[in-house]
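Student: I would like to walk through this model with you, one question at a time. Shall we have a look?

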Amino acid sequence: MQLHDVWFVLIAVLWIGYFFLEGFDFGIGILTKPLARNTAERRVLINTIGPVWDGNEVWLLTAGGATFAAFPDWYATLFSGFYIPLLIILVCLIVRGVAFEYRAKRDDPRWQRNWEEAIFWTSLLPAFLWGVAFANIVRGVDIDAQKNYVGTFWDLLNPYALLGGLVTLSLFTFHGAVFAALKTVGEIRDRARATALRVGAVAAVLALVFLLWTQADNGNGRSLAALVIAVLALVAALVANQLGREGWAFILSGATIVAAVAMLFLALFPNVMPSTLNDGWSLTVSNAASSPYTLKLMTIVAAVFTPLVLLYQGWTYWVFRKRIGVQHIPGHGPAATLDQA
């Protein structure tokens with residue numbers, strides 16, 4: 001295996017890690033509106049990801065940086081061609097971070113509701129748009145002989161890509177509901193399990209159609225194996241959730257995301273961005289890669305720092321592993337009356 005192949009795998013792992021972690025992160029943000037019934041419960045949901053949401057985004061920064069360094073042509077074509085959706089995602093991530101930090105700065109209910117509304121929408125939009133973006137990467141876009149994207153924004157909103165967006169949106173919401181059930185106690189935990197069952201059933205149908213479509217158009221034996229694993233993991237996650245085995249349900253919902261994203265990369269390889277205009281104009285791991293010296297230097301740096309990042313992030317999750325409920329919110333203990341929002 002050559003270094004450019006290794007870095008394709010490493011970038012795939014970074015995106016898989018990002019979607020696994022940010023998946024339940026986005027899911028929690030989306031569920032603050034339909035799952036929580038009052039201000040205290042919204043605070044509970046937000047607090048489940050409060051210590052970790054910003055660390056989860058490190059995976060996105062690393063994936064983007066690695067793509068820029070290892071495959072500069074891929075990065076240039078992707079970020080110029082997908083400029084509008086990626087800009088929307090970037091703005092959402094900025095506003096979302098501000099919303100988490102500013103929401104509790106004032107006691108004004110209107111102030112808090114506005115930031116909670118921002119958390120909902122800036123979680124929902126990226127969850128949908130990431131699916132649209134990756135579906136287009138796998139499907140292929142209009143790339144010319146100079147490696148430039150020559151299509152329009154509306155070309156990205158094709159049926160296959162829109163279905164991909166619905167798949168990531170539903171899978172992330174399901175992942176977030178399972179995480180909420182794992183991290184909370186009381187009524188909100190019971191409602192999270194019920195929500196996970198409903199959303200998971202929808203996600204299962206959408207994911208099956210999307211993955212079969214992907215396999216039919218671009219698949220191979222390895223992507224087929226990943227498809228089977230994704231489907232089985234999702235079914236098992238639904239069963240575990242129904243049985244109240246929240247830890248297993250979370251592991252299996254995460255495995256679903258891991259296998260589904262892995263399938264997309266397996267179907268994509270050795271391309272990194274196929275051209276729908278001419279197969280010879282497609283970006284591949286060889287013609288879009290940096291020099292061997294650059295890849296070698298990057299490999300050394302990654303080997304040193306990646307374990308450190310994994311250790312500190314794992315430690316963060318271990319420290320904040322306890323369940324929480326409305327009784328842990330100041331002024332909303334068992335004897336307090338919850339304010340209706």
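**Helix by helix, ring by ring**

Tutor: Gladly! Asp 5 is placed in helix 1. Keep in mind that the model is predicted.

Student: Is Asp 5 buried or exposed?
Tutor: Start with its surroundings: beyond the neighbours within four places in sequence, Asp 5 is in contact with Phe 269 and Val 285. The cut-off for burial is under 20% relative accessible area. Asp 5 has 13% relative accessibility, so the residue counts as buried.

Student: How far apart in space are Asp 5 and Asp 217?
Tutor: Along the sequence, 212 residues separate Asp 5 and Asp 217. In space, going from C-alpha to C-alpha, the distance between Asp 5 and Asp 217 is 23 Å.

Student: Let's turn to the rings. How many aromatic pairs does the structure hold?
Tutor: Good place to begin. The count of aromatic pairs in the structure is 30.

Student: What kind of aromatic pair do Trp 15 and Tyr 18 form?
Tutor: The ring centres of Trp 15 and Tyr 18 are 6.0 Å apart, with 80 degrees between the planes. An angle over 60 degrees is what sets the class here. The pair of Trp 15 and Tyr 18 is therefore edge-to-face.

Student: Why are Trp 15 and Tyr 18 separated by about one helical turn?
Tutor: An α-helix has 3.6 residues a turn, so residues three or four places apart point the same way. Trp 15 and Tyr 18 are three residues apart in helix 1 (residues 3–31), so their separation is about one helical turn.

Student: Which residues touch the most other members of the largest nonpolar core?
Tutor: In soluble globular proteins, nonpolar side chains tend to be buried together. The largest nonpolar core has 103 residues, and helix 1 gives the most to this core, with 15 residues. Trp 130, leaving aside neighbours within four places in sequence, has contacts that include Trp 15, Leu 60, Leu 86 and Ile 89. The residues that touch the most other core members are Trp 15 and Trp 130.

Student: Over which ring does the charged end of Arg 321 sit?
Tutor: There is such an arrangement for Lys 33, whose charged end sits over the ring of Phe 120, 5.1 Å from its centre. For Arg 321, the charged end is 3.8 Å from the centre of the ring over which it sits, that of Trp 318.

Student: At which residue does helix 12 bend?
Tutor: The 28 residues of helix 12 (residues 292–319) should span 40 Å at 1.5 Å a residue, and the end C-alpha atoms are 40 Å apart, which agrees. Among the buried residues of helix 12 are Leu 295 and Met 298, and what covers the buried residues includes helix 1, helix 3 (53–56) and helix 4 (58–70). The helix bends by about 30 degrees, with Pro 307 following within four residues, and the bend is at Ala 303.

Student: What is the relative accessibility of Glu 41?
Tutor: Glu 41 is found in helix 2 (residues 39–49). Not counting residues up to four places away in sequence, Glu 41 touches several residues, including Ile 188, Arg 191 and Val 326. Glu 41 counts as buried, because its relative accessibility is 5%.

Student: Which residues does a cis peptide bond join?
Tutor: Most residues other than glycine have a negative phi, and most peptide bonds are trans. Pro 270 is placed in the loop between helix 11 (246–268) and strand 1 (271–273). Omega is about 5 degrees for the cis bond, which joins Phe 269 and Pro 270.

Student: What is the phi of Lys 147 near?
Tutor: Lys 147 is in the loop between helix 7 and helix 8 (159–183), and is partly exposed, with a relative accessible area of 26%. Phi of Lys 147 is positive in a residue other than glycine, near 70 degrees.

Notes: Residues numbered from 1 in each chain as written. Heavy atoms only, no water. Phe/Tyr/Trp six-rings, centres within 6.5 Å; stacked < 30°, edge-to-face > 60°. Helix = DSSP H or I, 4+ residues; strand = E, 2+ residues; numbered from the N terminus. Lys NZ or Arg CZ within 6 Å of the ring centre and 35° of its normal. Buried < 20%, exposed > 50% of the residue type's maximum accessible area, 1.4 Å probe, protein only. Contact = heavy atoms within 4.5 Å. Core = buried A, V, L, I, M, F, W, Y, C linked by side-chain atoms within 4.5 Å. Expected span 1.5 Å × (residues − 1). Bend = angle between axes of the 7 residues up to and from the residue.
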